[in-house]
Amino acid sequence: MAVLQYPFRPIEGLVPHPRYAQLREEGAPVRIRMPYGGEAWLVTRYADVRVVLADHRFSRAAAAGRDVPRARPPMDSPDQIISMDPPDHTRLRTLVAKEFTARRVEALRPRVRELVDGLLDALPERGADLAAGLAWPLPVTVICELLGVPPDDHASFRGWTELTLALGADTRHAEIAAARAQLNTYLANLIAHRRGHPTGDLLSDLITARDHDDKLSEEELVRLAVTLLISGHETTANQLGNFVYLLLSDRRQWERLVADPALIPRAVEELLRYTPMAASVDFARVAVADVELPGGGRIRAGDAVLVQLHAANRDVTVFNHPDELDLARTYNPHLAFGHGVHHCLGAPLARMELQVTLAVLVRRLPGLRLAVPAAEIPWRADRLVRGVRALPVGW
């Protein structure tokens, strides 16, 4: 069997590689060779992806701490929530889930609206960069306020998380390791301080939280805080920029939202489905038993498997006209936030931030436009998450 080199090409922009459509049509998983850790199965069809993400026979814990196929140099720590299987995963997730319920998140909506308005007030009338001025500072401020990170340290977190998600092609491995160490050290010190001076924020709650009288270990607590911080802003920040870019590069889409802001919740779901977020597959699972996939193909026990979510979100067997951006799409069971026990804990928060930001933008800046041709927008490179490096706009 042929083994494909992965990624298929250097990733830039938001156009999925055409190979994904071909692989979906062929059905069965294919063998790929990742930049680190060797070979794995790549799964692209919607039904198969759901099985890999939800079936307990595909284990994240079996992959953690091992040199498994992956996109980035560091190996995943077994102590982080995204590397765990139940019951350990369930124990940690239960401790933080109450902070991300729909009711808790909805209570944050006025604060997020206030932050968006403040950031827009500060944008210059000429030469505004919506990525630097809005898309990046908003999510990092929200998650840092939730965790209780002092405002003066927000910029440091942005730099550290930026490097921890580097793919290692253009970034030295030592820089990536140093950024991870700085992030861990900072949060460990902040946790130590919060133990003596609790403030009622999420971090203080986690320190005192117990599940059946089982306190989080120190390593689990630090890793959990790191995961919440990174996942709470990195993806949302990039997707904010990506969404606005897509809407402004096709004025009909932007003008549709301006004319009908009630479409925004549905439009956010469609943009989540349509926009390829990850530049590479990552976070392998290892089969702990032989598994037959719905689309055909057998995964043997011990094999590593990787899923491509944005490929699954273009599966014509699930979505009508999947390569079209339809802001009024009604049936939209996309997998942008994953599936199964590792479904993104912060999904309600991300949805709300995206909805609020678009709502404020169409209300305050209906004439928003790209200040340069769409083809000249610069894109981030050598990062796990796709995103614009800058988004120059006018209005």
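Reply: A definition to start: exposed means over 50% relative accessible area, and partly exposed sits between that and the under 20% of buried. Also, this is a predicted model.

Me: Okay. Is H321 buried or exposed?
Reply: H321 is exposed, because its relative accessible area is 55% and the cut-off is over 50%.

Me: What is the phi of H321?
Reply: Positive, about 45 degrees, and H321 is not a glycine.

Me: Why flag a positive phi?
Reply: Because most residues other than glycine have a negative phi.

Me: Where does H321 lie?
Reply: In the loop between α14 (309-312) and α15 (347-364).

Me: And F283, what about its phi?
Reply: Near 60 degrees, again a positive value in a residue other than glycine. F283 is in the loop between α13 (264-274) and β8 (285-287).

Me: What is the relative accessible area of F283?
Reply: It is 29%, so F283 counts as partly exposed.

Me: Switching to peptide bonds. Which residues does the cis bond at P7 join?
Reply: Y6 and P7, with omega about 0 degrees. P7 sits in the loop between β1 (3-5) and α1 (19-26).

Me: What about P86 and P87, what kind of peptide bond joins them?
Reply: A cis one, with omega about 5 degrees.

Me: Where is P87 found?
Reply: In the loop between β4 (58-59) and α3 (88-97).

Conventions: Residues are numbered from 1 along each chain as its sequence is written. This is a predicted model: local features need pLDDT of at least 70, side-chain atom pairs count only at pLDDT 80 or more; totals for chains, interfaces and linings use all residues. Side-chain values use heavy atoms; hydrogens and water are left out. Helices (H or I, at least four residues) and strands (E, at least two) are DSSP runs, numbered from the N terminus. Buried means under 20% relative accessible area, exposed over 50%, partly exposed in between (1.4 Å probe, protein chains only).
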